[in-house]
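Open the model in a viewer and keep the sequence panel beside it. The stops below say what to select and what is there.

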Amino acid sequence: MIGDEMIFAILLMDRPGTAELRVQVRPEHRAYLAQLSDRMAFAGPLTSEDGKTTVGSLLAIDFPSRADVDAWLKDEPFTKAGVYEKPIIHVFTNMWPQKVGFPPAN
């Protein structure tokens, strides 16, 4: 944890039929995420088993409270555009060291 903040794991599944919308909004989404880069443990798309078809996102970010997560998500571009269904949010405690050789961020 950083200061009094907690890591929140945020599972965001895409609504059916929003693949093209996701592509259109992605630059704005990435810029919005970049504003929290210093508080982000990880972030990235979830895919189907083919590794190519995006079905949602998984984020782990430090926030002071659940209310702060909710406020941040309200203005998140994919949320505002209607890409995401209802989020699943939980406090996350990392109990395992990072895997050596874990794939680097793209």
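Buried here means under 20% relative accessible area, exposed means over 50%, and partly exposed lies in between (1.4 Å probe, protein chains only). This is a predicted model, in which local features need pLDDT of at least 70 and side-chain atom pairs count only at pLDDT 80 or more, while totals for chains, interfaces and linings use all residues. Residues are numbered from 1 along each chain as its sequence is written, and side-chain values use heavy atoms, with hydrogens and water left out.

**Whole chain.** Colour by secondary structure: the protein has 3 helices and 4 strands, in the order β-α-β-β-α-α-β from the N terminus. Helices (H or I, at least four residues) and strands (E, at least two) are DSSP runs, numbered from the N terminus. Of the 106 residues, 27% count as buried.

**The sheet.** Select the strands. They form an open sheet of 4 strands in the order β2-β3-β1-β4, with antiparallel pairing; two strands pair if DSSP finds at least two bridges between them. Because β2 (40-47) and β4 each have a single partner strand, they stand at the edges, and one side of each is left without a neighbour in the sheet. From one strand to the next, the twist averages 15 degrees, where axes are lines fitted to C-alpha atoms and angles run from 0 to 180 degrees between N-to-C directions. Next, show β2 with β3, an antiparallel pair with 7 bridges. Ala 43 is found opposite Leu 59 in β3.

**Ser 57.** Stay in strand β3 and pick Ser 57. Is Ser 57 buried or exposed? Ser 57 counts as buried because its relative accessibility is 3%. Its side chain makes a polar contact with the side chain of Arg 22 at 3.1 Å. A polar contact is a pair of N or O atoms within 3.5 Å; within protein, one must be able to donate a hydrogen and the other to accept it, and residues adjacent in sequence count only if both atoms are side-chain atoms. Leaving out residues up to four places away in sequence, Ser 57 touches several residues, among them Ile 10, Leu 12, Pro 45 and Tyr 84; contact means heavy atoms within 4.5 Å.

**Helix α2.** Select residues 66-74, where Val 69, Trp 72 and Leu 73 are buried. These residues lie on the same side of α2 because they cover an arc of only 95 degrees around the axis, taken from the directions from the helix axis to the C-beta atoms. Ala 67 and Lys 74, on the other side of α2, are exposed.
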